[in-house]
Amino acid sequence: MTSPASFPPIALVHGWAFDPTFWDTTRTVLGQARTMCTDFGFFAPQAVLTLPQVPYIGVGHSLGALWLLRNHGPLCRGLVLINGFSRFGTATDFPDGIPRRVIERMHAGLLRAPEGLLHSFRLRAGIDTPLPSHIERNRLEQGLLALMDMDCRTDLQQVTCPVHVIAGMDDAIAPPTLTHACFPPGGDIQTQWLDGGHLLPLTHTTTCTHAIMAMTGRITAP
């Protein structure tokens with residue numbers, strides 16, 4: 001049997017209002033698989049957004065999925081998008097996105113009282129753990145702007161590697177209507193639906209890691 005250590009590395013990209021520790025349980029379950037985490041720097045002195053310089057598998061959660069669609073590059077051999085989307089905010093030709101006023105309210109709350117806004121967002125997402133002590137409001141603001149305006153629908157159409165989507169039927173942040181709009185049923189990309197919310201890597205870790213390893217198993221490491 002092929003050892004997980006011989007598979008391509010797995011790049012894990014967290015979502016908005018989280019940090020690389022979001023993936024701790026996933027990395028534990030993945031065991032000997034080679035993993036690395038990017039960091040948007042929402043709670044760190046600096047951002048670290050370097051992807052592997054060898055063939056790899058990209059795994060993104062929420063904003064991390066959106067970012068990977070734009071930045072995965074030619075070395076990516078497979079994408080696993082969890083609670084993800086190709087566009088988050090509404091647009092003239094994308095009525096099923098999250099209304100702009102909702103994101104603008106989050107933006108105002110972030111500027112006014114970042115701790116309170118972040119706590120309420122994480123609570124709505126499904127987690128009540130304490131916030132990290134260091135908050136980088138400017139990078140969080142940039143993340144919200146990406147959620148409002150970043151459009152990766154064309155990027156998704158141009159992806160050449162396999163894509164696996166995992167979504168939660170009770171996701172309060174990226175609801176099923178958004179998922180259906182981004183990854184239409186009957187299209188080229190099939191969605192794996194789970195009975196859960198917006199934090200599937202935490203609540204359905206085993207299922208998510210099975211999907212990651214299934215994607216990784218398709219590829220032979222160099």
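This is a predicted model: local features need pLDDT of at least 70, side-chain atom pairs count only at pLDDT 80 or more; totals for chains, interfaces and linings use all residues.
Modeller: Residues are numbered from 1 along each chain as its sequence is written, and side-chain values use heavy atoms, leaving out hydrogens and water.

Biologist: How many disulfides does the structure hold?

Modeller: A disulfide is a pair of cysteine sulfur atoms within 2.5 Å. Cys182 is in no disulfide, as the nearest cysteine sulfur, that of Cys152, is 9.8 Å away. For Cys208, the closest cysteine sulfur is in Cys37, 14 Å off and therefore too far for a bond. The number of disulfides is zero.

Biologist: Is Cys208 buried or exposed?

Modeller: Buried means under 20% relative accessible area, exposed over 50%, and partly exposed in between, with a 1.4 Å probe and protein chains only. Cys208 has a relative accessible area of 1%, so the word for Cys208 is buried.

Biologist: Is His198 buried or exposed?

Modeller: His198 sits in the loop between strand 6 (191-194) and helix 8 (200-203); helices (H or I, at least four residues) and strands (E, at least two) are DSSP runs, numbered from the N terminus. Its relative accessibility is 2%, so His198 counts as buried.

Biologist: Which side chain does a polar contact of 2.9 Å join to that of His198?

Modeller: A polar contact is a pair of N or O atoms within 3.5 Å; within protein, one must be able to donate a hydrogen and the other to accept it, and residues adjacent in sequence count only if both atoms are side-chain atoms. The partner of His198 at 2.9 Å is Asp171.
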